[in-house]
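The exercises below are meant to be worked through with the sequence and the structure in view. Please try each task before reading its solution.

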Amino acid sequence: MKWTYEQTLTRKYGFLYLWCFLAIQSTVCLAQDVQYHQRFWIITDEEWQPPLVLKSDEIVPRPRQQISLTGGVNWYIQSFRIPETEQYVVDFRNTSVIGQFDHYIYDGRGIQIGRLSGGIQNLQINPFMLRHGRMVRFFPSEYVILTRTESPFFLAQPEPFIMPLDGYSCAVKWGNTLVLVGLGVMFALSFLYLVRYFSQRRLENLYYALFVFCCMAYNSTALLVVSDLFHLNWFYLISYPMILASGCYIAFVMTLLNIRKRSYPILYFLGLSCIGLFAVSAVMAILFPHWSLEFDRYNIAVFSVYGFVSGLIVALRGSRIAQLYLLANLSFSLPALVAISITRFNNSSTLLIEHIGLIAVLAEVIMLAFVSEYQARQRKKMLEAASKTDVLTGVFNRNYLESHIDQCWSLCLTEQQPFSLIMVDVDHFKQINDAWGHSVGDSCLVHVAGILRQSAKRRTDVLIRYGGEEFVVILPNTPLSYAYSVAEEVRLNIEKTPFFYDQNRLSVTISCGVSTVIPNYDMTIYELIEGADQALYQAKKSGRNCVKIYNNAREVETRLIPLARDMSDTAGISEQQ
Ligand SMILES: Nc1nc2c(ncn2[C@@H]2O[C@H](COP(=O)(O)OP(=O)(O)OP(=O)(O)O)[C@@H](O)[C@H]2O)c(=O)[nH]1
């Protein structure tokens with residue numbers, strides 16, 4: 001079974017979603033937290049330091065269950081009971097976007113027994129790759145953990161949790177696989193489209209490559225790849241690249257959907273305004289770095305809405321590319337909306353909001369690559385069609401003749417079948433041009449091409465505008481008798497069919513030259529064309545509005561089947577009228 005491009009696209013896309021879904025399911029299902037007595041954010045003074053001995057009246061629960069996403073110092077407390085001696089892991093739920101954290105561990109008597117630190121801005125090596133998890137051995141007893149987080153901003157609400165090591169190790173590997181494969185795909189796509197940009201010089205490829213690269217920078221920093229693998233601890237790689245990505249996205253959509261000042265003036269100005277807005281937000285992000293991730297959120301919402309509205313408007317005008325783009329847009333927007341609108345997951349021990357964001361971006365960039373590929377194919381097809389089509393009449397042009405006639409010739413040569421060609425020329429066409437003007441001459445050519453097209457009715461018959469007011473009809477596997485009857489039919493039809501201009505009836509006639517050969521290895525195609533041309537010349541000489549046959553053609557015909565019609569010989573040219 002052969003798949004169409006669209007079916008392949010849907011199928012591949014379906015697999016991607018299935019894979020991501022299974023990955024998420026695995027991360028969610030395998031892990032179980034310990035049983036907590038209580039856990040909440042606490043209010044402290046700015047200068048507060050965790051005591052060596054913790055008294056119960058020292059901590060005050062925070063009235064709000066959430067902390068500010070624009071960063072700062074925050075304290076969290078959780079108390080729990082450990083049933084049996086085991087290795088445990090302390091990590092954060094919801095997000096890895098934490099600059100610096102410290103877990104202070106207290107035993108049942110309230111004595112501080114340990115401290116575990118980490119974070120993106122911290123130089124400590126993570127024991128679990130791409131995670132903030134820290135290992136600790138607990139004995140059966142009561143414990144309290146005070147956690148301090150300090151960050152320029154948070155992507156979502158970090159929520160410390162404790163889980164047995166076995167379940168944790170098993171659960172995080174799925175998330176890590178998703179991260180590494182996803183980022184690998186994004187890297188490959190951005191590299192591919194950058195190379196394409198340099199080879200094809202199409203700006204659309206550059207916008208796409210930059211967009212994907214910036215998304216990759218954002219995701220790989222947020223998901224700790226940059227800090228864990230490359231020891232790059234620059235926190236703002238999370239927020240700044242997304243501002244550039246937003247601008248590139250709008251520019252990409254405008255190029256993909258062909259949004260120009262003339263075709264879609266409102267969308268065009270809206271697109272430029274969005275890019276202007278992103279430029280302002282870039283300046284604001286530098287001035288107010290704590291707010292930079294918040295600007296990203298708004299920018300992502302703005303470019304998604306712009307893409308959706310543009311895609312919808314262009315799709316409603318029947319653009320297939322816009323319809324496919326809408327799918328790509330939704331595949332990002334829907335999960336991305338989830339990622340930016342929710343700030344915490346309940347009951348998902350190792351899933352981070354960044355994972356949802358990664359899946360959203362990954363789905364869209366893959367889909368956009370398909371749409372861009374589809375567009376490139378369409379463009380190639382259109383260019384191919386344009387290169388072989390005559391703009392005025394819509395029939396094939398001489399370029400096509402050059403490429404197509406060789407194939408027909410080889411076929412007839414192999415099968416030893418007759419190959420016929422009719423050369424057609426409009427009579428006294430110059431007079432029509434001179435008397436009525438060039439535009440009437442053009443309409444006359446369209447009129448003649450229309451009648452010729454009706455006469456070349458078999459699938460293998462090909463009509464070509466040879467140049468000026470000359471046409472050629474190629475008839476492979478066709479004996480002279482049939483070719484002659486076609487020429488005669490078309491001559492009569494043109495003579496009979498009136499051509500009107502401004503209620504004036506103009507008389508149009510044509511002259512035809514017919515040539516037929518059975519190709520052999522000593523012959524070239526040009527002998528066939530030359531024969532038809534000579535026959536046409538004779539037709540013009542004999543007073544026009546007639547069909548002439550090149551003499552060799554008649555010899556070929558008599559060798560094959562007796563001619564049905566009576567053809568009189570005239571100096572190498574046979575004439576019928
Ligand atoms: N309107 C129009 N005229 C064209 C086009 N291509 C060629 N011509 C004109 O076609 C005319 C051809 O004139 P001639 O070659 O003298 O032939 P004719 O007037 O048809 O005379 P005969 O062929 O001898 O019957 C020229 O005036 C060209 O300028 C075209 O695409 N549009």
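A crossing of two helices is called left-handed if the near helix is turned anticlockwise from the far one by less than a right angle, and right-handed if clockwise. The model used here is a predicted one.

**Exercise 1.** Describe how helix H3 (residues 203-222) and helix H5 (residues 240-256) are arranged, beginning with their axes.

Solution. The axes of H3 and H5 come within 8 Å and cross at roughly 150°. Since angles over 145 degrees count as roughly antiparallel, H3 and H5 are therefore roughly antiparallel to each other. The handedness of the crossing of H3 and H5 is left-handed. The residues that make the contact include Leu203, Tyr207 and Phe211 of H3, and Leu244, Cys248 and Phe252 of H5. Sorted by class, the contact of H3 with H5 has 18 nonpolar, one polar and one charged residues.

**Exercise 2.** Find which residues come nearest to the ligand, and which element gives the largest share of its shell.

Solution. Of the 16 residues around the ligand, the nearest are Phe429, Lys430, His438, Gly441 and Gly468. Two or more residues of the shell come from each of strand S10 (419-426), helix H11 (429-436) and helix H12 (438-455), and H12 provides the largest share, with four residues. By class, the shell holds four nonpolar, five polar and seven charged residues.

**Exercise 3.** State how far apart the centres of domain 1 and domain 2 lie, and how many residues of each are in contact.

Solution. Domain 1 covers 5-24 + 172-386, while domain 2 covers 33-170. Their centres, taken over C-alpha atoms, are separated by 34 Å, and 29 residues of domain 1 are in contact with 30 residues of domain 2.

Note on methods
Residues numbered from 1 in each chain as written. Predicted model: local features only at pLDDT ≥ 70, side-chain atom pairs only at ≥ 80, totals over all residues. Axes fitted to C-alpha atoms, helices over the stretch in contact; angles between N-to-C directions. Parallel < 35°, antiparallel > 145°, perpendicular 65-115°, else oblique. Contact = placed C-beta atoms within 7 Å. Nonpolar A, V, L, I, M, F, W, Y, C, P; charged D, E, K, R; others polar. Near = placed C-beta within 6 Å. Domains from an automatic or database assignment.
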